[in-house]
Amino acid sequence: MFELGNVVCTASVAEQMESNAAFAFYVEKALSMHATGNWGDLCDEDWESNQQALQNGGRLFSAYYTDYTQTEKIWIITEDDRSVTTVLFPDEY
């Protein structure tokens, strides 16, 4: 487990969380998974990059599908100094 720092989200993620309780619950669940090293739906190379960043320092990245149709994802990025974690949609990067 690692520190998330200040957790922030983009305006569109915040809007969806406010209007959809199930989505808000899922974002909280995804943040918990991210903080414990479950990187979600990443390729092996990105997963290994996160493992290295945990040991040696570096930015941490996770991706999680938010629905059962596997079409909508959220990304979670923790900065290398662990001061900020951002929740966003991929098209907002």
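Ala-30 touches Tyr-64, Ile-74 and Ile-76, leaving aside residues up to four places away in sequence. Contact here means heavy atoms within 4.5 Å. The model is predicted: local features need pLDDT of at least 70, side-chain atom pairs count only at pLDDT 80 or more, and totals for chains, interfaces and linings use all residues. Residues are numbered from 1 along each chain as its sequence is written, and side-chain values use heavy atoms, with hydrogens and water left out.

Ala-30 also belongs to the largest nonpolar core, which has 24 residues. Such a core is a set of buried Ala, Val, Leu, Ile, Met, Phe, Trp, Tyr and Cys residues joined through side-chain atoms within 4.5 Å. Buried means under 20% relative accessible area, exposed means over 50%, and partly exposed lies in between (1.4 Å probe, protein chains only). Ala-30, Tyr-64, Ile-74 and Val-87 have the most contacts inside the core. Helix H2 (21–35), strand S2, strand S3 (73–78) and strand S4 (84–88) each supply at least two of its residues. H2 gives the most, with seven residues. Helices (H or I, at least four residues) and strands (E, at least two) are DSSP runs, numbered from the N terminus. In soluble globular proteins, nonpolar side chains tend to be buried together.

Now follow S2. Five of its six residues are buried, so S2 is largely enclosed by the rest of the structure. S2 runs antiparallel to S3, and six bridges join them. Two strands pair if DSSP finds at least two bridges between them. Phe-61 has Ile-77 in S3 as its bridge partner.

Ser-62 sits in S2, which spans residues 60–65. Ser-62 counts as buried because its relative accessibility is 0%. Its contacts, not counting residues up to four places away in sequence, include His-34, Trp-39 and Ile-74. The side chains of Ser-62 and Tyr-64 are joined by a polar contact of 3.2 Å. A polar contact is a pair of N or O atoms within 3.5 Å; within protein, one must be able to donate a hydrogen and the other to accept it, and residues adjacent in sequence count only if both atoms are side-chain atoms.

Next comes the loop between S2 and S3, where Thr-71 lies. Thr-71 has a relative accessible area of 61%, so it is exposed. Its side chain makes a polar contact of 3.1 Å with the side chain of Asp-67. The C-alpha atoms of Thr-71 and Ser-32 are separated by 21 Å.
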